Amino acid sequence: MVNMLVGKVAVITGAARGIGEATARRFVEEGARVVLADVLDDAGETVAEGLGSAALYRHADVTQSGQVQALIDTAVEEFGGLHIMFNNAGTMGTLQADFLEEDFHAFRKTIEVNLLGPMLGASFAARHMAKNGGGCILSTASSSALYGGYGIIPYRATKAGVVSMTRSLAIELGKYGIRVNCISPGPTRTPMTAMEGAPEDRVEELVDISMEAMRGRMPLGRLGMPEDVANAAVFLASDQAAQITGVDLAVDGGETLGNMENTGEIIQDRILEVLGG
C-alpha cells in the first residue's frame, strides 16, 4: 500500500463481485473509505464486512435516480464527503444468435443499466463535487465499444455511449475541477462474462469458453483479471492523474490494437450450444 487515496471517499456501483469488488478492495488498501452499491445484497454485504470500518454496503438499482442520490447522501453522511464516483455496474444483456431474431426484450434494461446508470451517477456526484472542490468520476466502458462483433450489439452500443458521455462530461465539468474518465477492459474474467440469465451451475463453464476463445485476440496472450482494472481505477482516481480527463483507458492486453483473430462468431456458437444443451 502506498496510500494513493488517503482522505478520499468513493462510491462504487456493481461492487458485489468482479471489477467492482476488486476495486473496492484496492481503494480501501490505498486509504479510501468506500460505499459499495449493488443489487446482490448478500454478496455486497459480505464484501463490505470483510473490508472493515472503511466500507459499508447499500442496496442500489442504478437505474433509479432516488437510489443513486441516496448513495451520494450516504457517502457524505457516513464518511464526510464524496471525491470519487465509480459507475461500474453493468449488464452484458442476452446473447442473440441472429440479429434478425432479436425481440429487444432485454434491450431497454441493457440501455438503462449500462448508459442511464452512469449518467445518473455522474449527475448526482457532480452536483456534490461542484460545490465541494471537485472530484473524479469514473465509468466502466469496454473494449467492445471500439470494434464490431457478434451477438451483443446492445451491450457494445451502450458501452460506446459511455465513452462518448465521458468525453463530453469532461468538457462540461472541467470548470468545477471534476475529472471524468472511463476504463475499457478487454476480456476480463468476471461472472458477467457468462451472460445474463445463465444457469448458476454453468457460469464457470461459459466464462471459460469466452475467455479462452478471446485469448487469441490479445497480443500479450494474457487474460485480464478484475485486479488489472482495479489498479487502473486507483491511478485515475488518485492525485497522480490530476491532469488526466476525458480519457478512455484501455486495459485490454492490446486487444484493440487489431483483431488478431476473429473469434466472435466462434464464441457465440459455443455459448449458444452450451445454453441449448
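Analyst: The answer starts with the cavities and then turns to single residues and helices.

This is a predicted model, in which local features need pLDDT of at least 70, side-chain atom pairs count only at pLDDT 80 or more, and totals for chains, interfaces and linings use all residues. Residues are numbered from 1 along each chain as its sequence is written, and side-chain values use heavy atoms, with hydrogens and water left out.

Rolling a probe the size of a water molecule over the atoms shows where empty space is left. A cavity is a set of points on a 1 Å grid over the protein atoms alone where a 1.4 Å probe fits but cannot get out. Its lining residues have an atom within 4 Å of a point. Grid points are joined across faces, edges and corners, and the volume is the space filled by probe spheres set on them.

How many cavities of 30 Å³ or more does a search of the whole structure find? The search finds 2. The largest cavity holds about 70 Å³ of space. Helices (H or I, at least four residues) and strands (E, at least two) are DSSP runs, numbered from the N terminus.

The second largest cavity has a volume of about 30 Å³. Around it sit Thr13, Val62, Asn87, Asn88, Ala89, Val113, Gly117 and Pro118. This lining divides into 4 nonpolar, 4 polar and no charged residues. Helix 4 supplies the largest share of it, 3 residues.

Helix 4 also holds serine 123. Is serine 123 buried or partly exposed? Serine 123 is partly exposed, at 26% relative accessible area. Buried means under 20% relative accessible area, exposed over 50%, and partly exposed in between (1.4 Å probe, protein chains only). Serine 123 lies 9.7 Å from serine 65, C-alpha to C-alpha, although 58 residues separate them in sequence.

Serine 139 is in strand 5 (residues 135-140). Serine 139 is buried, with a relative accessible area of 1%.

Now to strand 1 (residues 9-13), where alanine 10 has its place. Alanine 10 has 0% relative accessibility, so it counts as buried. From alanine 10 to alanine 24 is 14 residues in sequence and 8.8 Å in space, C-alpha to C-alpha. Alanine 24 is one of the buried residues of helix 1. Helix 1 (residues 18-29) is mostly covered, with 9 of its 12 residues buried. Among the others are Gly18, Ile19, Gly20 and Phe27. Helix 1 reaches 17 Å from its first C-alpha to its last, close to the 16 Å expected at 1.5 Å a residue. The expected span is 1.5 Å times one less than the number of residues.

In helix 2 (residues 41-50), the buried residues are Gly44, Val47 and Ala48. They cover an arc of only 95° around the axis, so they sit on the same side of helix 2. The arc is that of the directions from the helix axis to the C-beta atoms. On the face turned away from this buried side are the exposed residues Asp42, Thr46, Glu49 and Gly50.

Helix 3 (residues 65-79) has 15 residues, which should span 21 Å, and its end C-alpha atoms are 21 Å apart, in agreement. Val68, Leu71, Ile72, Thr74, Ala75 and Phe79 are buried in helix 3. Their arc around the axis is only 155°, which puts them on the same side of helix 3. Exposed Gly66 and Glu77 are on the face turned away from the buried side of helix 3.

Last, the cysteines. Cysteine 136 counts as buried at 2% relative accessibility, and cysteine 182 counts as buried at 0%. Searching the whole structure for disulfides (pairs of cysteine sulfur atoms within 2.5 Å) gives 0.

Conventions:
1 Å grid on protein atoms, 1.4 Å probe; cavity = no way out; pocket = protein on both sides within 12 Å on 5 of 7 lines; lining within 4 Å. Nonpolar A, V, L, I, M, F, W, Y, C, P; charged D, E, K, R; others polar.
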